[in-house]
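Biologist: Hi! Could you walk me through this one?
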Amino acid sequence: KNLHSGSTACTLYINTKKNKFYVANTGDSRIIALINNKVVQLSVDHKPDNPKEKNRIYKYGGFVHNSRLNGILAMSRSMGDINLKKKGLTYYPDIISGDMDKIRYFVIASDGLYDVMSNYDIINFIQFCLQSGIKKNNIVKKLVKYSIIKKGSSDNVSAIIVFL
């Protein structure tokens, strides 16, 4: 059992009474949305090469080598990874909020999907499925299979689509 590994988190909270959404993320999982027919990335990718993340890493005793935190981890924030905790890694999330107006759906997914498909590719795939009459509850399965089989993702792929 590896007790030193870590994980990312990407969460979405929808408050229907206030017509607001809240996104909190740690790591390189991502939330995108189709808002007013535009693709919008709602979360921050916590990658070591991001200038804000790189400054924080160095400030707290870590370094970036080959786009990896301390030459090891491909992300700059995670829960766990205790060997890197005092060397620039943090679990603190970025949090954003917004109005639910004109949001058609959210896509929450792991980096295994985003490594092989851009935000626009994903939304275009979903739109094509919707226009083709594919049932909403089957689209996410098709998206995951497509990213693995056709796009060749070699990482784990997890995805959720929240249709409104």
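Modeller: Happy to, starting with the overall fold and then going to the cores.

Modeller: This is a predicted model, where local features need pLDDT of at least 70, side-chain atom pairs count only at pLDDT 80 or more, and totals for chains, interfaces and linings use all residues. Residues are numbered from 1 along each chain as its sequence is written, and side-chain values use heavy atoms, with hydrogens and water left out.

Biologist: Great. How many helices and strands does the protein have?

Modeller: There are 4 helices and 11 strands, taken as DSSP runs (helices H or I, at least four residues; strands E, at least two) and numbered from the N terminus.

Biologist: And how much of the protein is buried?

Modeller: Of its 164 residues, 43% are buried, meaning under 20% relative accessible area with a 1.4 Å probe, protein chains only.

Biologist: Switching to the inside, which residues of the largest nonpolar core touch the most other members?

Modeller: In this core of 20 residues they are Tyr 105, Val 107, Leu 113, Ile 122, Ile 123 and Ile 126. A nonpolar core is a set of buried Ala, Val, Leu, Ile, Met, Phe, Trp, Tyr and Cys residues joined through side-chain atoms within 4.5 Å.

Biologist: What does Leu 113 touch?

Modeller: Leaving out residues up to four places away in sequence, Leu 113 touches Ile 122, Leu 143, Ser 147, Val 157 and Ala 159, with contact meaning heavy atoms within 4.5 Å.

Biologist: What lies apart from that core?

Modeller: Another core, of 11 residues, including Cys 10, Leu 42, Ile 103 and Phe 106.

Key:
Buried < 20%, exposed > 50% of the residue type's maximum accessible area, 1.4 Å probe, protein only.
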